[in-house]
Amino acid sequence: MQQTNNLRWDLDIIFPGGSHSADFSTYLQELESELTDLADLVSQYNPDKESVDTKRLRILVNNLEKVNKKFREASAFISCLSAQNVKDEQASLLVSKRSELKAKFEAIQTSFNQKLVQIPEDTWQNARNQDDLNDLEFVLNEFREQAKGLLPIEQEALINDLAVDGYHAWDQMYQAIVGKMEVRLKEEETTKSYSIGQASNKLANPNRDFRKHVFNQLNRAWKTNEHLFSQTLNHLAGFRLQKYTHRNWDDVLREPLELNRMKKKTLDAMWTAINNNKHHFVTYLNKKAERLDLKKLSIYDINSPINREVKTFSYQEGADFIIKHFHRFSPKMAAFARMAFDNRWIEAEDRPDKRPGGFCTSFPESGQTRIFMTYSGTSSNIATLAHELGHAYHQHVMNDVNGLNQRYAMNVAETASTFAEMIVADASVTYAQSTDEKKGLLEDKIQRSIAFFMNIHARFLFEKRFYEERKQGMVSVNRLNKLMVDAQKEAYCDVLEEYDENFWASKLHFHMTGVPFYNFPYTFGYLFSLGIYAIAQKSDDFEDEYIKLLRDTGRMEVEDLAYKHLQVDLTTTAFWEDAIQLCINDVYEYLSI
């Protein structure tokens with residue numbers, strides 16, 4: 001592999017010139033024109049009650065797919081621009097423009113879906129099985145079923161229009177505030193200012209006093225703005241709840257479950273299995289406290305290394321590490337990762353003014369993806385990089401699938417990413433060159449399990465309770481703090497001494513408008529990927545079977561996907577218990593050494 005010295009991604013190959021790109025400006029104008037044409041096409045489509053002209057419907061669907069891909073291409077570019085430099089004012093303007101275009105596209109999509117509802121059931125059943133529509137049977141039926149729960153088209157269009165400067169604006173306000181925040185940290189004899197993302201990376205420092213200092217300084221920064229963040233959270237939740245009320249939706253989980261194509265019974269089975277097995281991870285946390293000479297851990301100790309000497313890896317070493325271990329299980333995935341590094345699809349530089357966190361975004365027209373993160377050399381950074389490469393590989397194997405069948409949900413998206421993460425984590429433990437190295441790598445794996453079983457569970461509990469209280473009116477800062485701590489205490493089995501009451505403010509996912517309940521899909525993906533991983537270890541044709549599963553993720557409900565490819569029932573606890581057992585094995589292997 002060639003040297004990966006450049007930690008900055010290449011966006012110019014897609015649209016040269018950054019946020020002031022003339023090519024991108026032209027592209028947006030073309031997109032707007034095509035949206036107008038598509039709106040006219042949908043408006044003119046009036047399906048017959050007796051029969052469906054499947055060829056005409058196919059032409060309409062092809063246009064819908066084309067515009068959908070173009071919007072995703074533009075949206076991905078804007079996401080990259082706004083993340084790489086939060087002080088780029090032109091990029092901020094483009095984020096607002098994207099919201100406008102999204103509202104137009106969603107209005108067209110809603111109108112199309114409601115046209116499908118006008119077709120009588122018998123006529124529809126006959127039409128959707130015709131050769132012209134056969135490959136889109138699932139997604140078209142999903143469009144139709146979703147429309148049945150919506151308001152009349154005029155009201156849904158109004159909601160979309162008002163959301164641009166209402167609902168989505170709160171998300172943008174939150175990100176604008178966070179982008180300007182700085183955290184001052186005292187290191188040795190100097191005090192330096194860091195972005196939120198840079199400061200958060202330092203919570204993995206082996207020195208507990210410094211780690212606590214970072215935690216306190218981060219909290220001070222969040223507290224400075226907590227009243228602003230309570231406004232963003234309360235108002236976006238209020239908008240969402242008003243929409244649910246007008247649609248006569250009582251359950252706040254209805255939308256996230258529908259978006260993730262999963263049953264409530266599956267979600268309940270997953271959390272039940274996790275709660276049944278948390279005591280094993282409590283054992284680990286108590287042992288860790290003992291080794292750190294503490295009565296109890298605090299929340300900022302959970303991801304800290306036991307050894308005070310923390311090994312760091314250059315970006316080149318991290319890249320080589322990932323490719324090497326990918327190759328042991330999937331040469332195709334390894335070749336894809338090598339190509340992503342070589343072609344500079346990854347933004348990893350540790351610098352100010354970047355958005356915190358990491359993500360992967362796809363450019364469906366270009367057939368490319370881009371990965372965003374801040375790499376500082378920790379093993380956690382390598383895990384994040386593998387995670388995002390898993391997302392990128394998922395899209396890569398679906399590039400030739402119809403664009404409407406590429407709309408896979410967050411829970412299965414997180415399956416691909418955590419599967420890639422698991423390959424690297426498990427292989428690195430297996431091939432560890434010393435006992436100390438093995439302990440450190442096992443600890444990384446266990447910490448990820450705790451994140452998915454406890455941290456994510458706390459987020460889920462908080463958000464569910466917050467939405468129930470928000471139905472009665474605005475929720476105060478003090479109440480948000482209490483809800484957060486109570487959720488953390490329950491999720492962590494009250495094993496910690498100090499919790500993070502400001503986590504509701506600091507976690508971007510609570511303030512995002514694109515996906516409601518941006519939490520439980522992570523845990524689903526983690527455990528589902530473990531089931532896939534167990535099968536992969538026993539299968540000689542793993543790669544081909546895995547690719548088949550990924551290519552089905554946009555055209556099946558998760559229960560059907562699991563039964564078809566894994567022959568398991570997700571609505572019972574058995575599958576989840578078996579997956580968790582692999583994580584429990586890590587705990588006791590770690591404790592034994």
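Which residues does Ser529 touch, not counting residues up to four places away in sequence? Ser529 touches Thr415, Thr418 and Phe419, where contact means heavy atoms within 4.5 Å. The views below start from the whole chain and return to this residue later.

This is a predicted model, in which local features need pLDDT of at least 70 and side-chain atom pairs count only at pLDDT 80 or more, while totals for chains, interfaces and linings use all residues. Residues are numbered from 1 along each chain as its sequence is written, and side-chain values use heavy atoms, with hydrogens and water left out.

**Figure 1. The whole protein.** The protein has 23 helices and 5 strands; helices (H or I, at least four residues) and strands (E, at least two) are DSSP runs, numbered from the N terminus. Its radius of gyration is 24 Å, close to the 25 Å that the globule rule gives for 593 residues, so the protein is as compact as a globular protein of that length. The radius is taken over C-alpha atoms, and the globule rule is 2.2 Å times the number of residues to the power 0.38. The C-alpha trace spans about 75 × 55 × 50 Å along its principal axes. Of the 593 residues, 57% are buried, where buried means under 20% relative accessible area, exposed over 50%, and partly exposed in between (1.4 Å probe, protein chains only). Among contacts with a separation of 6 or more, 77% are between residues 24 or more positions apart.

Figure 2. Strand S1 (residues 183-187) and strand S2 (residues 190-194) pair in the antiparallel sense over 5 bridges. Two strands count as paired if DSSP finds at least two bridges between them. Strands of a sheet pair through backbone hydrogen bonds, either parallel or antiparallel. Glu187 stands opposite Thr190 in S2. The hairpin has 2 residues between the strands, and Glu188 takes a positive phi near 55 degrees.

**Figure 3. The open sheet of S3, S5 and S4.** These 3 strands form an open sheet in the order S3-S5-S4, with mixed pairing. The edge strands, S3 (346-347) and S4 (359-363), each pair on one side only. S3 and strand S5 (residues 368-372) run parallel and are joined by 2 bridges; Ile346 stands opposite Ile371 in S5. S4 and S5 run antiparallel and are joined by 5 bridges, and Ser362 has Thr369 in S5 as its bridge partner. S4 and S5 form a hairpin with 4 residues between them, and Gly367 in the turn has a positive phi of about 70 degrees. In S5, Gln368, Arg370 and Phe372 point one way and Thr369 and Ile371 the other way, and all are buried.

Figure 4. A search of the whole structure finds 5 cavities of 30 Å³ or more. A cavity is a set of points on a 1 Å grid over the protein atoms alone where a 1.4 Å probe fits but cannot get out, and lining residues have an atom within 4 Å of a point. Grid points are joined across faces, edges and corners, and a volume is the space filled by probe spheres set on the points. The largest cavity has a volume of about 50 Å³. Its lining includes Val86, Val178, Met181, Ile196, Asp353 and Arg355. Helix H7 (167-180) and helix H8 (196-201) are the elements that give two or more residues to this lining.

**Figure 5. Trp222 in helix H9.** Trp222 lies in helix H9 (residues 208-224). At 5% relative accessibility, Trp222 counts as buried. Leaving aside neighbours within four places in sequence, Trp222 is in contact with Tyr174, Val178, Met181, Ile196, Phe229, Asn502, Ala505 and Ser506. Val178, Met181 and Ile196 also line the largest cavity.

**Figure 6. Asn234 in helix H10.** Asn234 is in helix H10 (residues 226-246). Its relative accessibility is 1%, so Asn234 counts as buried. Not counting residues up to four places away in sequence, Asn234 touches Phe466, Arg470, Met474, Val475 and Leu480.

**Figure 7. Ser529 in helix H20.** Ser529 lies in helix H20 (residues 520-538). Ser529 counts as buried because its relative accessibility is 0%.

Notes
1 Å grid on protein atoms, 1.4 Å probe; cavity = no way out; pocket = protein on both sides within 12 Å on 5 of 7 lines; lining within 4 Å.
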